[in-house]
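Here is a short briefing to read alongside the model. Keep the sequence and the 3D view open as you go.

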Amino acid sequence: MYKLFFRLVFTRMDPEEAHYLAFRWIRLAARVPVLRTYLAAALAPRHEELRTEAFGLRMHGPFGLAAGFDKNAVAVDGMSMLGFDHVEIGTVTGEAQPGNPKKRLFRLVGDRALINRMGFNNEGSLAVAARLASRNPVFRTVVGVNIGKTKVVPEEEAAADYVKSTERLAPYADYLVVNVSSPNTPGLRNLQATEALRPLLTAVREAADRTVRTRRVPLLVKIAPDLADEDIDAVADLAVELDLDGIIATNTTIAREGLGLTSEPSLVKETGGLSGAPLKARSLAVLRRLYARVGDRITLVGVGGIENAEDAWQRILAGATLVQGYSAFVYEGPFWARAVHKGLAARLRTSPYATLADAVGADVRKKTA
Ligand SMILES: Cc1cc2nc3c(=O)[nH]c(=O)nc-3n(C[C@H](O)[C@H](O)[C@H](O)COP(=O)(O)O)c2cc1C
């Protein structure tokens with residue numbers, strides 16, 4: 001049904017317009033109490049065996065919404081209603097900014113992929129903090145807050161911009177993510193080099209501890225799939241050294257590998273980050289490498305090209321405690337999160353593992369045993 005609708009309606013619309021339309025519907029549905037209650041009950045993960053814990057937070061299931069879909073935290077309850085067990089909002093920057101000129105989002109339907117060069121269009125840390133502060137506390141969705149650098153702030157002053165966002169947003173964040181991996185803010189990914197990353201993460205950690213004294217806000221870093229293997233190892237070692245809570249692997253890629261022949265060549269040539277199915281193999285490889293390096297010392301979050309329960313299961317076996325998705329939601333529709341959780345529960349039941357936690361990293365452990 002959704003696929004027919006997608007073909008007949010969404011593919012005829014500009015992808016960004018389609019995104020906002022779908023977004024409006026989700027927000028509207030979430031505002032009608034009967035509908036909200038019905039959908040939430042039908043779509044939330046209910047499988048006892050999927051209950052999981054990540055960086056001290058208890059979750060009903062491991063699958064959540066990746067950053068970028070709800071940049072301004074306007075649809076947290078709507079996305080949770082659709083069965084995403086955690087919602088990562090952002091990227092939010094210190095100051096509001098419009099992002100890159102349109103068109104900046106492209107659908108590569110045949111490849112089940114997207115290319116985007118949105119450029120962190122968002123309302124800024126002050127506005128988003130005010131919105132999070134006014135959320136109805138009855139809804140207990142786990143909210144991750146993903147922060148990035150304001151475009152006009154020079155690279156040398158990046159830490160101050162991240163600290164500003166941290167001071168404003170940490171009180172409302174169940175976990176905080178330092179995003180240094182989007183390809184659409186010039187120079188941002190240079191912050192992944194350990195000489196830049198160490199002071200940045202240290203400053204954000206201190207700011208979070210200074211601002212929120214009643215609990216320790218978990219801090220994660222999100223990395224690019226385009227890092228060389230030795231740079232992945234360096235980030236992993238740094239994360240252990242700094243006692244980070246997690247690493248999210250991965251963001252979109254600037255590579256164009258894995259694209260079939262089905263997408264228009266003009267689309268493939270668009271600049272920006274590629275996400276969806278073609279990213280699957282690389283994101284999985286990065287995750288495996290991270291797990292082999294850090295084991296259970298750091299919680300890993302797998303994202304990139306996850307389309308179904310089997311993909312999510314493979315990430316868990318490769319070391320992910322949590323998994324996230326974005327692009328396949330566009331192609332699969334509103335019941336996607338439920339399908340992933342349901343399929344994961346079935347997969348776990350037929351596996352040799354009693355709990356999800358037992359399955360985390362099992363493939364990598366087997367290989368190194
Ligand atoms: C249109 C679009 C916007 C995105 N914006 C952000 C962002 O603001 N911050 C971020 O950390 N990741 C962003 N991402 C990356 C996703 O969170 C995710 O890491 C990536 O798309 C790979 O997952 P997927 O293949 O399931 O889409 C964006 C992705 C897309 C498609």
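Is Arg293 buried, partly exposed or exposed? Arg293 is partly exposed, with a relative accessible area of 37%; here buried means under 20% relative accessible area, exposed means over 50%, and partly exposed lies in between, with a 1.4 Å probe and protein chains only. This is a predicted model, in which local features need pLDDT of at least 70 and side-chain atom pairs count only at pLDDT 80 or more, while totals for chains, interfaces and linings use all residues. Residues are numbered from 1 along each chain as its sequence is written, and side-chain values use heavy atoms, with hydrogens and water left out.

**Overall build**

- The chain holds 15 helices and 13 strands; these are DSSP runs numbered from the N terminus, with helices being H or I of at least four residues and strands E of at least two.
- With a radius of gyration of 19 Å, close to the 21 Å that the globule rule gives for 369 residues, the chain is as compact as a globular protein of that length. The radius is taken over C-alpha atoms, and the globule rule is 2.2 Å times the number of residues to the power 0.38.
- Along its principal axes, the C-alpha trace spans about 50 × 50 × 45 Å.
- Of the 369 residues, 58% count as buried.
- Among contacts with a separation of 6 or more, 74% are between residues 24 or more positions apart; a contact means heavy atoms within 4.5 Å.
- The chain exposes about 15600 Å², and carbon and sulfur atoms supply 56% of that area. Accessible areas come from the Shrake-Rupley method with a 1.4 Å probe, and for residues only the protein chains shown count as cover.

**Charges and salt bridges**

- There are 48 positive and 41 negative side chains, and the centres of the two sets lie 6 Å apart. Lys and Arg count as positive and Asp and Glu as negative, leaving out His and the chain ends; each charge is placed at NZ of Lys, CZ of Arg, CG of Asp or CD of Glu.
- Side chains of opposite charge can pair when their charged atoms come close.
- The chain has 25 salt bridges, each defined as a side-chain nitrogen of Lys or Arg within 4 Å of a carboxyl oxygen of Asp or Glu.
- Arg131 pairs with Glu123 in one of these salt bridges, with the closest N and O atoms 2.9 Å apart. Arg131 is partly exposed at 27% relative accessible area, and Glu123 is partly exposed at 34%.

- Arg289 and Asp233 meet through their side chains in a salt bridge of 2.8 Å, N to O. Arg289 sits in helix α10 (residues 280–294) and Asp233 in helix α8 (residues 229–241), so this pair ties together parts that are 56 residues apart in sequence.
- Asp233 is buried at 11% relative accessible area, while Arg289 is partly exposed at 32%.
- Asp237 and Arg293 form another salt bridge, their closest N and O atoms being 2.7 Å apart. This pair links distant parts of the chain, with Asp237 in helix α8 and Arg293 in helix α10, 56 residues apart.
- Asp237 is partly exposed, at 35% relative accessibility.
- Through shared partners, salt bridges join Asp229, Asp233, Asp237, Arg282, Arg289 and Arg293 into one network.

**A buried glycine**

- Gly361 lies in the loop between α14 (356–359) and α15 (362–368), and counts as buried at 0% relative accessibility.
- Leaving aside neighbours within four places in sequence, Gly361 is in contact with Tyr291, Ile316, Leu317, Ala318 and Gly319.
- From Gly361 to His341 is 20 residues in sequence and 18 Å in space, C-alpha to C-alpha.

**Backbone points to look up**

- Most residues other than glycine have a negative phi, and most peptide bonds are trans.
- Lys102 and Lys103 are joined by a cis peptide bond with omega about -5°, and Lys103 is in the loop between β4 (86–93) and β5 (105–108).
- The peptide bond from Ala249 to Thr250 is also cis, with omega near 15°; Thr250 is in the loop between β10 (246–249) and α9 (265–268).
- Phe55 has a positive phi, near 40°. Phe55 lies in the loop between β1 (52–54) and β2 (57–59) and is buried at 13% relative accessible area.
- Arg112 has a positive phi near 50°. Arg112 is in the loop between β5 and β6 (113–116) and is partly exposed at 38% relative accessibility.
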